[in-house]
Structures are given as C-alpha cells and as structure tokens.
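Subject: Structure handover

Hello,

Here is the structure I promised to pass on. Please open it first, then read the notes below it.

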Amino acid sequence: MIADAARSLAGGATSNWQIAQPQAVWMSHGQGSHVFDVDGNEYVDMHGGYGAAIAGHGHPAIVEAVSRQVARGTHFAQPTEDAIWVAEELKRRFGLPLWRFANSGTEATMDAIHLMRALTERDLVIKVEGCYHGHHDSVQVSVLPEPEDVGPADAPHNVPGNSGIPGAIMDLIVVVPFNDLGAVERALATHRGRIAGMILEPIMMNAGIIPPEDGYLAGLKELLHAEGAYLTFDEVKTGFTTGPAGATGRYGVTPDIVCLAKALGGGISVAAIGGIEEVMSAIADGRYEQVGTFNGNPLAMAATRANLTHVINSAGYARLDALATLAKKGFERHIAAAGLPWRVVSVGAKGCVAFTGSPVRNYRDFLEVDDRWGNLHWLLQHNGGVFLPPWGKVEQWLLSVQHTDADVELLIANFGKLTEVAGH
Ligand code: PLP
C-alpha cells in the first residue's frame, strides 16, 4: 500500500504529518473508540485525528445528522438554518456575540490575523514561541524551532516554520516566550503604535501541554488593550477538548477573537471565528471580506449542531472527566512505583506526560524534555494496541465520549511498560 501510494501521492500520504514516525498508518475504518488499519490491526484510537475525534467514530448522532443532510444537499454556498443555531450556541458558550465559519484551523487563524491588522491598520503581530496556528505565512514563525536556532530566551529569533515563507512576512511577527507578561510589555513598548494584536494558544498544546500561569491571560488582555491592540485565542485545539467553552471558559478571560476547529464538527471539517462586536463589524460592513466557497456548508453545520447537542454536552463532559481521572491516576501510579520524576498533565479530554522533573513554563523549558521517552512511549502504545499521535513529547492523547474504561486501562498498562524500562 505504501509503495503503491508513493506512485501517485506525493510522499505517499495526504499530509506530511501523516508520514510521521515511522510511516503513514493506512486506515480501513473506525468504529466507536477503535480504528482498524488495512492490515487488519485494531487499535484504541487516542490519536483522535490530531484532536478532532472527540465524538469517536460512527457516533449515532453524527451519522444521523450527516446522513440526513447528505440526502438534502451538501452544498449551496448559501447559509442554512443550522448555521444560526450553531452561532447562537457558540455565542452562549464563549461569550462572544458574532460568528463566522470556515473549513480549517488555518483559515480561522488567518482571518483572525487579517481582522486584527484591518481594524488597527497596523502590520505587526505578537506570537508565542512554540505555538502552532496552522500553515499560513504569518504564523509559520518559531513553531517548533531547533534549540540551535532559537537565540536568547528574552529575545527569541524569528525562525521560519516551513520553507516558502517570505522573510518580509516573518519580519512582521514579534516572537515572545509563553507565560511572560514582561516580554509582551517590552514588545509593545519597542514597537509602540505598530502592534495590531497578539495570537496565542491559551493553553500551549503543540509542546506537550503547558497551562497559562495565574493572571497571564488577563494580563495580556490588559496590556494589549492599553495599546489599542487586540487579543486572539487560538482554541483550535483547546476549544471543546478542555471543556465546553475551551480555555476561554476554563480561565474566565474572554479575548477579542476566538478561533475554533478540530473537535467542533464531530469529525467533519469545520472552523469558526467569533469576536467582539467592534471586530466582527468589519466583516458585517464589508471592510474585511471573510469568504470561502464551503464556509458554513450545510453538511458541516448539521454535524456541528449534532455534536454540540448530543456529544459535547454536560453528559459528554462528565464522561470525559471520569475517563481523564482514571487515566491520570493510573499513570501517576506507575510513575510513583518506578520512582520517576515525570508528571501527568491532564486538561479535560487531553493529556500527556511531561518526561521531566523540572517545571515547564514555556517552549525553552519544553526543549529540555528528553525526546526519547516520548518516542518509546508511542511505540509501546502502538505495539500494545493504542494509537497515539506521533511526536511523543509534542502531542497529547485525546479521549472521546465513546472510550470505555477498558480502553483507558489498556493505555495505562502500556504506559507501565515504559515506566518499567525508565525506572531501571
Ligand atoms: N491552531 C492550532 C492550535 C492547531 O493545533 C492547529 C492544527 O494542529 C491549527 C491551528 C491548524 O488547524 P488545521 O490543521 O485545521 O488547519
């Protein structure tokens, strides 16, 4: 299959991040909390399609909604009633009055950055070192830079996150460390009157899991507003996986713009961007044209409505919390038994192990975490029947509402094989 694929698919997969470690796993199908590869291997799926499959696979409510909508038409490039329902629900959860839809997290963060620039008529944007916001030019800066490229901790270098990113665009990004209000204050002072806003993951989730320290998110909002700049939370990964209103709800800080995708659509590709009236008025009156052929398409809206109603509701979160507690306790038991300094970082349906005894407050601390344990963990889980995302120390597991206690017990048992090795 892999050799066949390489004859017509560049690199033998449909995204470079499907080829990671050690190769693409060709899937046949998914059912409930499990996925099945083309060789007949069955895995408990905790990869979750990079954090999207919070509904698991073939969830009856999603199947029903999508099947119904397919029969009634999947695309008109005109809005359908479900879009109003979804926008109202997002408004209720995130406390932001106006919404638009797109198709991927990349599109949502691109719109957010365009909006901040359009409204302020300023070009510079502050970005956090180690945050990933998709693959458009403005955010492909200092995503997962190598230690030798990062420069001094208090003045990080701008490192391109991909080839093909023009230097002129990179120069419009000011990179700061996470959890450091002083760095943002200095950036705003150095570039006074030129900063349009700041984008960050409110809980860093492309460097393991790094929560914000007390007062950090509220402090950012205050500093940026004092300079007439906007704050965007990229909740593409944290929205819905960390709670019904993501980190916005968890920490009680409402930014000017929120970006959502991944777990929003119950497994169907969809993104949303919500904002305060002042920001979204630029869309409403046409100063900023937020567009896209498939934006808010009926299929995505039907799936999203079903997901918000029947999957990520209060019963869904109660179930996810119970599973997360089970996982955390089991992992902690193994860590303690092996006398290791590691920590389990668990936020809602997302969790990972910080393979270190030192605090991890930002990307520089994360760089110190040993890669090897994460990679071996991935392999032990894979061979033990649990499918995790690749890049052991970077990514997290995702629990779905369809996981069983037995699924989580298998995850814990496989982790025990790692602590046995590491504890020696
Ligand atoms: N923002 C964050 C925080 C992400 O983790 C990702 C994807 O991993 C994106 C944006 C980009 O989303 P997409 O892959 O849907 O374009």
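A term to begin with: the expected span of a helix is 1.5 Å times one less than its number of residues. Helices (H or I, at least four residues) and strands (E, at least two) are DSSP runs, numbered from the N terminus. Residues are numbered from 1 along each chain as its sequence is written. The model is predicted, so local features need pLDDT of at least 70 and side-chain atom pairs count only at pLDDT 80 or more, while totals for chains, interfaces and linings use all residues.

**Helix 3**

Helix 3 covers residues 60–72. At 1.5 Å a residue, its 13 residues should span 18 Å. The end C-alpha atoms are 18 Å apart, which agrees.

Burial is a count of neighbours. A residue is buried if 20 or more other C-beta atoms lie within 10 Å of its own, exposed if 12 or fewer, and partly exposed in between; C-beta atoms are placed from the backbone. Ile-62, Ala-65, Val-66 and Gln-69 of helix 3 are buried. Seen down the helix axis, these buried residues fall within an arc of 90°, so they line one face of helix 3. The arc is taken from the directions from the helix axis to the C-beta atoms. The buried residues of helix 3 pack against helix 11 (298–311). Contact here requires C-beta atoms, placed from the backbone, within 7 Å. On the face turned away from the buried side sit the exposed residues Pro-60, Ser-67, Arg-68 and Ala-71. Gly-73 follows helix 3, with a positive phi near 110°.

**The sheet**

Two strands pair if DSSP finds at least two bridges between them. Four strands form an open sheet of mixed pairing, in the order 1-2-3-13. Strand 1 and strand 13 (386–387) stand at the edges, each with a single partner strand, so one side of each is left without a neighbour in the sheet.

Strand 1 (residues 27–31) and strand 2 (residues 34–37) run antiparallel, joined by four bridges. His-29 stands opposite Phe-36 in strand 2. The two strands form a hairpin with two residues between them, and Gly-32 in the turn has a positive phi of about 60°.

Strand 2 and strand 3 (residues 42–45) also run antiparallel, with three bridges. His-34 has Val-44 of strand 3 as its bridge partner. Val-35 stands opposite Tyr-43 in strand 3. Four residues separate the strands of this hairpin, where Gly-40 takes a positive phi near 90°.

**Two domains**

Domain bounds come from an automatic or database domain assignment. That assignment gives domain 1 (2–54 + 313–422) and domain 2 (61–311). Their C-alpha centres lie 24 Å apart. The contact takes 26 residues from domain 1 and 29 residues from domain 2. On the side of domain 1 that touches domain 2, the elements giving two or more residues are helix 12 (314–338), strand 11 (343–347), strand 12 (350–354) and helix 13 (363–367). Helix 13 gives the most, with four residues. By class, this side of domain 1 has 16 nonpolar, six polar and four charged residues. Ala, Val, Leu, Ile, Met, Phe, Trp, Tyr, Cys and Pro count as nonpolar, Asp, Glu, Lys and Arg as charged, and the others, Gly among them, as polar.

Ala-318 lies in helix 12. Ala-318 is exposed, with 11 other C-beta atoms within 10 Å. Its C-alpha atom is separated by 9.8 Å from that of Gly-348, 30 residues apart along the chain.

Best wishes

Note on methods
Two residues are in contact if their C-beta atoms, placed from the backbone, lie within 7 Å.
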